[in-house]
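Please walk through this structure with the model open beside the text.

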Amino acid sequence: MKRNEELNKLADTKEWDFLIIGGGASGLGSALDATSRGFRTLLLESHDFAKATSSRSTKLVHGGVRYLAQGDIGLVKEALKERGLLAQNAAHVVKNQSFIIPNYTWWGGIYYKIGLSVYDFLAGKLSLGKTQYISKSKTIDKLPTIEQKNLRSGVVYQDGQFDDARLAINLAQTIIEKGGSAINYLKVINLLKNDSNKVIGVVAEDQFTQKQYEIHSKVVVNATGVFTNEILNLNNPRHGKYVVPSQGIHLVLDKSFLKSDDAIMIPKTSDGRVLFVVPWHDRALVGTTDTLLESESFEPRALEEEINFVLNTARQYLSKKPTREDVKSVFAGLRPLAAPEGEGKSTKEVSRSHKVIASDTGLVSIVGGKWTTYRKMAEDTINKAMEIHNLGITTSKTEKLSIHGNMKADRVDRSSHLYVYGSDIPSIKALQESNPRYSEKIHPDHSFTIAEIIWAIRNEMAETIEDILARRVRLLFLDARAAIDSAHKVSLIIAEEKGFSQEWAQHQEKEFIELAKGYLLTPYSPRTIKP
């Protein structure tokens, strides 16, 4: 994954078969599906891969217990199948995670045991394990920091957990390895149309050089998630509103608030939402919310009412009560909910299932969906595009397609933070050994090393400090202060690797620090750390 090499392909290719706009879950999935079917495929992302929604999830690969409660059996069954396939195709970033529902009523244990047994049944042969009812004492043993007052029992069920941004990078790597192309920071600013008003390509602008490219393609797919309406505006300003953005926030706490390898699932909060407390990269991730928004943003911010809701709910269920000062990082993400009949009003009226929309101009848009079902969303999108553009019949190859980094689950050593690199781990370790400096930590409080920065720049198309600290090593999401403290070091390494000036490094550092302050709940004050 080298950006200059991918840019060179634009001059070498007169016309692509598929041009995918959007480098999140749905775009990456669609590009991989098209590429693996043998189509000449190009993916364009205006920022970095998974910059928006697709790096800000609850890190769960799941069927959706709350959709089961709502009776949406079809969505749950589809998602459970996809959960199982993803666990096979990307075992290095997806793992089987135990969840415990703490019950504070006598009937809770029975109710959730029955409901989650249905969840297991729907998963069929791809089930991750059977649901179990456990006693109060066993619940406390497994969750030592659970609130014990009035606790009666627990129900344990299995679901999937993953690292979203790391999976996105692996999908981009797989697309390129299979013969496709994927380029970040190349923004689509217009659609090209012929005399019959059919879309035949795009105009894209390099966000670093401002160079513009006219790129022709037989099919253009709009896979821009919450930004779907922006591309639809380029196509037809009078289109209906097909996507409704709903915000979900997450707070990251020290692992001392959980002290368990098991996650907590709170099935019904004060306003009926589901809340999770999940172990993630040696931290406790708490979320999420569901707040309908008027407009979309690449850097959404958590609202005060959302922060208070998550903290207050967590305090009810944890013996160690979290405060604002305990929050290591807060991040918000927008869900691209598919609006009914092109007009969305509330989150109760919109769906997590996906829709493929074909415009009169031939533009194909994928809306809705979630990370768990990204592969099926992609398959449906490419099938629809092939149908309306008369591209013949070629079946999808992705059900059993191994994603870059994949290795057998029993070979993944999760005691090392390097596990997310999968089959690339030997290469990372070789880098660490090649130069004593490369084995040094980026920040003394975290395991990430300089070798991972070098690797990200050379092999994962990381172009900025944010690319590295937010989506390659995840430090911004785990500990925003540590990420700010590391910005200077990272900027100098990027400048050195790419031959950029000191002025560039200083500008990058300042830009990143301003962005990262938005991930803090308390004011930032610089700390002196050892180099």
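By class, the lining of the second largest pocket holds 11 nonpolar, eight polar and 10 charged residues, where Ala, Val, Leu, Ile, Met, Phe, Trp, Tyr, Cys and Pro count as nonpolar, Asp, Glu, Lys and Arg as charged, and the others, Gly among them, as polar. The model is a predicted one, in which local features need a pLDDT of at least 70 and side-chain atom pairs count only at pLDDT 80 or more, while totals for chains, interfaces and linings use all residues. Residues are numbered from 1 along each chain as its sequence is written, and side-chain values use heavy atoms, with hydrogens and water left out.

The lining comprises 29 residues, of which Tyr 185, Phe 208, Glu 463, Thr 464 and Trp 504 lie nearest the centre of the second largest pocket. Two or more lining residues are given by each of helix 1 (3–12), helix 12 (450–459), helix 13 (465–472), helix 15 (480–498) and helix 16 (502–517), and the largest share, six residues, comes from helix 16; helices (H or I, at least four residues) and strands (E, at least two) are DSSP runs numbered from the N terminus. The volume of this pocket is about 780 Å³, a volume being the space filled by probe spheres set on grid points that are joined across faces, edges and corners. On a 1 Å grid over the protein atoms alone, a pocket is an open set of points where a 1.4 Å probe fits, with protein on both sides within 12 Å along at least five of seven lines, and lining residues have an atom within 4 Å of a point.

The protein chain averages a pLDDT of 92, and 97% of the residues score at least 70, on the predictor's confidence scale from 0 to 100 for each residue. Over residues 342–350, however, the pLDDT is below 50, although this stretch has 20 contacts beyond near neighbours in sequence, contact meaning heavy atoms within 4.5 Å. Where pLDDT is low, the predicted coordinates should not be read in detail.

Ser 57 sits in the loop between strand 2 (41–44) and strand 3 (60–61). Ser 57 counts as buried because its relative accessible area is 18%, and buried means under 20% (1.4 Å probe, protein chains only). Its side chain forms a polar contact of 2.8 Å with the side chain of Asp 164.

Ala 385, in helix 10 (residues 374–388), is also buried, with a relative accessible area of 0%. Leaving aside neighbours within four places in sequence, Ala 385 is in contact with Phe 18, Val 219 and Val 364.

Technical notes:
Buried < 20%, exposed > 50% of the residue type's maximum accessible area, 1.4 Å probe, protein only. Polar contact = N/O pair within 3.5 Å; in protein donor to acceptor, adjacent residues only side chain to side chain.
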